[in-house]
Amino acid sequence: MKRIATILLLSLVILQLQAEDIKIHGFVAQGLIQAQDSNFVNDDGEVSLKLTEVGINASYKINSQLRVAGQGVYLNGGNRYPEGLRIDYLFLDWHLVNNADWQFKLQLGRNKNYHWLYSSTRDVPHTRPSIILPQSLYFDAFRDVALGVDGLTVIVNTQNYLGDWDINLSLGSSPISDEQTANLLGDLASGELEHKKDQQFSVYWRPIKSQWQLGMSLLDADFSYAAGENDALFDGKETSQRIALHILYQSENWEFASELLRERVILGDFIYPGFKSDKTSEGGYVQARYFLNPKVNLMARLDIYDQDRKDRKGLGITAMSQGLVPGYFGYMDQATLGLSWKIAKNLQLQGEYHRVKGAGRLAPFLAPDVVNNNHLYWNMWALQLMYWF
């Protein structure tokens with residue numbers, strides 16, 4: 001799939017020389033980051049250059065109904081996700097209905113996730129409100145899995161006397177590499193993690209003459225694990241069932257965003273044959289941005305996450321591990337302050353500071369790294385320069 005996708009994306013670039021209906025854009029972003037007393041970026045907590053994002057995207061309009069779009073990127077985010085090249089998306093966009101009141105289209109291929117506020121733009125640095133998105137919803141260790149699926153996406157846009165409506169449905173699955181498996185499950189996991197099924201639905205409503213947008217999304221996903229030789233884990237299954245609420249307010253100088261989630265996670269047999277776990281996590285964030293002028297904006301955010309709504313202090317984790325894993329691996333809360341400065345038309349500098357409590361959103365989640373995450377509180381800062389064309 002990756003080889004075919006790469007060839008198709010390069011073909012789009014070549015078509016630039018032959019067609020006027022192709023659009024090509026790209027970006028380069030490099031920064032500095034430090035996450036002291038945690039393994040979020042690296043294991044030693046030192047200042048790192050592992051904040052690199054390079055990408056090129058293209059779309060080719062075949063006719064009035066058909067379009068091909070794709071994006072390839074190189075990422076280096078340290079421990080946040082595997083380093084290297086990947087195809088973020090590559091799909092055929094088919095407009096079935098396109099008039100003043102209704103737009104209905106299908107996307108086939110490696111599609112984007114349109115269900116959360118920032119899920120469709122998190123892959124482009126200068127479109128994000130911060131360098132690091134709120135981890136309660138945008139868990140970096142799951143970045144490649146959550147970005148989209150190989151399959152079918154249905155997108156409907158319509159308007160009536162109540163306002164504008166966006167309805168999205170996606171079906172498919174995401175490939176999971178060996179590097180991703182190790183990042184999610186730990187270095188001792190030598191088997192194969194497979195994304196068996198991913199079904200998502202979302203609806204967004206913008207009332208007429210309103211600056212508010214309200215949304216709701218649902219997710220149902222299944223994973224399976226086939227243990228390898230000398231594996232620390234066993235054959236197992238995992239199911240995630242999520243419901244989330246999304247709120248966005250935009251005015252001339254202010255933007256307010258909030259997303260809240262409740263997610264049921266069911267594990268079977270991973271730790272040992274017969275192992276069962278059925279927990280419901282909760283989390284979300286509130287975020288405000290103030291635009292001082294067209295070039296500078298300030299951001300403040302509070303993000304919270306609890307792995308088990310019935311055990312918010314993580315006492316069960318400590319008990320199950322016989323005291324080896326601290327309870328703060330059961331949650332992760334953080335306060336963030338950020339600033340963005342648009343230096344020129346296509347050049348932006350972004351910086352932020354995070355104060356974090358807990359380690360519940362640090363990878364690997366199934367085998368907590370208690371050696372490099374031995375602090376209840378930890379700090380993180382990041383600075384990134386972004387250029388796009």
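The model is predicted, so local features are given at pLDDT of at least 70 and side-chain atom pairs at pLDDT 80 or more, whereas totals for chains, interfaces and linings use all residues. Residues are numbered from 1 along each chain as its sequence is written, and side-chain values use heavy atoms, with hydrogens and water left out.

**Nonpolar cores**

- The largest nonpolar core has 31 residues, a nonpolar core being a set of buried Ala, Val, Leu, Ile, Met, Phe, Trp, Tyr and Cys residues joined through side-chain atoms within 4.5 Å; buried means under 20% relative accessible area, exposed over 50%, and partly exposed in between, with a 1.4 Å probe and protein chains only.
- Two or more residues of this core come from each of α2, α3 (178–185), β8 (192–207), β9 (212–226), β10 (236–250) and β11 (254–268), where helices (H or I, at least four residues) and strands (E, at least two) are DSSP runs numbered from the N terminus.
- Strand β9 gives the largest share of this core, four residues.
- The residues with the most contacts inside the core are Leu117, Tyr118, Tyr138, Leu185, Leu193, Tyr225 and Tyr285.
- Residues up to four places away in sequence aside, leucine 185 touches Leu193, Tyr225, Leu233, Phe270, Pro364, Phe365, Leu366 and Ala367, contact meaning heavy atoms within 4.5 Å.
- Another core, of 27 residues, lies apart from it, and includes Val73, Ile317, Tyr331 and Met386.
- In soluble globular proteins, nonpolar side chains tend to be buried together.

- Alanine 146 is placed in helix α2 (residues 143–146) and counts as buried because its relative accessible area is 18%.
- Not counting residues up to four places away in sequence, alanine 146 touches Asn113, Trp116 and Arg122.
- The C-alpha atoms of alanine 146 and aspartate 198 are separated by 9.7 Å, although the two residues are 52 residues apart along the chain.
- Glutamine 180 lies in helix α3, and glutamine 180 counts as buried because its relative accessibility is 6%.
- With its neighbours within four places in sequence left aside, glutamine 180 is in contact with Pro82, Asp144, Val145 and Pro175.

**Salt bridges**

- The structure holds 21 salt bridges, each defined as a side-chain nitrogen of Lys or Arg within 4 Å of a carboxyl oxygen of Asp or Glu.
- Lysine 105 and aspartate 93 meet through their side chains in a salt bridge of 3.8 Å, N to O; this pair links distant parts of the chain, 12 residues apart, with lysine 105 in strand β5 (residues 102–110) and aspartate 93 in strand β4 (residues 84–98), and both lysine 105 and aspartate 93 are buried.
- Lysine 197 forms a salt bridge with aspartate 220, their closest N and O atoms being 3.3 Å apart, and the pair joins strand β8, which holds lysine 197, to strand β9, which holds aspartate 220, across 23 residues of the chain.
- Lysine 197 counts as partly exposed because its relative accessibility is 25%, and aspartate 220 is likewise partly exposed, with a relative accessible area of 22%.
- Glutamate 255 and arginine 289 form a salt bridge between their side chains (3.0 Å, N to O); glutamate 255 is in strand β11 and arginine 289 in strand β12 (residues 276–291), 34 residues apart, and both glutamate 255 and arginine 289 are buried.
- A network of salt bridges links Arg262, Glu282, Asp306, Arg309 and Arg312.
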